[in-house]
Amino acid sequence: MKHKLMVVSGPSGVGKGTIVKTLIKRRSDVVESVSCTTRAPREGETHGKEYFFLTKAEFLERLEKQDFLEYDEHFGNYYGTPISFVEETLKTKSVILEIDVVGALNVKKRLPEAVLVMIVPPSIEELKRRLEGRETETAEQIQNRLSRLEYELSQKEKYDFVVVNDELERAISEVEGILDGSACKK
Ligand code: 5GP
């Protein structure tokens, strides 16, 4: 089977991280790309695991060297997908990128064979509740994320697949089916 590049997006708090991490734990033939960012690590985050934490100067230097498959700025910080990691890993495994809508559409432009999957909440109210329950962020950060919600959901038509995270196990199986090519494209 050819290895896939799957791009998973969805509003903050929708549970995409849990879906991707569970899938990766279960499957030795799938890995998650580690992005670079200039934001500060949150408590419990490690360099090279959740992200490669770079200074702005380091990020801009790599950008100049065209080291990113795509990059974007969120909340005043840069985020980018290192191209070398993705290309190298695709030789032996499937790769999942967990990135925002703008990044995902940029990846598709550059690599049309990439499969775009958007995770959506069963309801916006439910998502707001989940987001406000997070204790890692300030009220202002949460407000920023909520204001992106509408925009992100409005882009779902551009995705190959839309998965509703109504029940975690069900959503994971659906994403796994897409990865294995058993799901029908909409
Ligand atoms: P957070 O700071 O919560 O980890 O991520 C903030 C936003 O950056 C999220 O929407 C996340 O999906 C996005 N993001 C993370 N890595 C990348 C990346 O490599 N490229 C782009 N374009 N967005 C990313």
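Reader: What counts as a helix or a strand here?

Author: Helices and strands are DSSP runs, numbered from the N terminus. A helix needs at least four residues, a strand at least two. This is a predicted model. Take Asp160: its place is the loop between helix H6 (139–154) and strand E9 (161–164).

Reader: Is Asp160 buried or exposed?

Author: Buried means under 20% relative accessible area. Asp160 has 9%, so Asp160 is buried.

Reader: Which partners does the side chain of Asp160 have?

Author: A polar contact is a pair of N or O atoms within 3.5 Å. The Asp160 side chain makes one with the side chain of Lys108, at 2.9 Å. The Asp160 side chain also reaches the backbone nitrogen of Leu116, at 2.8 Å.

Reader: Which residues come nearest to the ligand?

Author: There are 15 residues around the ligand. Ser35, Arg39, Tyr51, Glu70 and Tyr79 come nearest. By type, the shell has three nonpolar, five polar and seven charged residues.

Reader: Which polar atoms lie by the oxygen and nitrogen atoms of the ligand?

Author: Start with Tyr79: a polar side-chain atom lies 2.5 Å from a ligand oxygen. For His74, an N or O atom of the side chain is 3.3 Å from a ligand nitrogen. Gly80 uses its backbone: an N or O atom there lies 3.3 Å from a ligand oxygen.

Reader: How much of the ligand's accessible area does the protein cover?

Author: On its own, the ligand has 510 Å² of accessible area. The protein covers 91% of that.

How values were computed. Residues are numbered from 1 along each chain as its sequence is written. This is a predicted model: local features need pLDDT of at least 70, side-chain atom pairs count only at pLDDT 80 or more; totals for chains, interfaces and linings use all residues. Side-chain values use heavy atoms; hydrogens and water are left out. Buried means under 20% relative accessible area, exposed over 50%, partly exposed in between (1.4 Å probe, protein chains only). A polar contact is a pair of N or O atoms within 3.5 Å; within protein, one must be able to donate a hydrogen and the other to accept it, and residues adjacent in sequence count only if both atoms are side-chain atoms. A residue is near a molecule or strand if one of its heavy atoms lies within 4 Å of it. Accessible areas come from the Shrake-Rupley method with a 1.4 Å probe; for residues, only the protein chains shown count as cover. Ala, Val, Leu, Ile, Met, Phe, Trp, Tyr, Cys and Pro count as nonpolar, Asp, Glu, Lys and Arg as charged, and the others, Gly among them, as polar.
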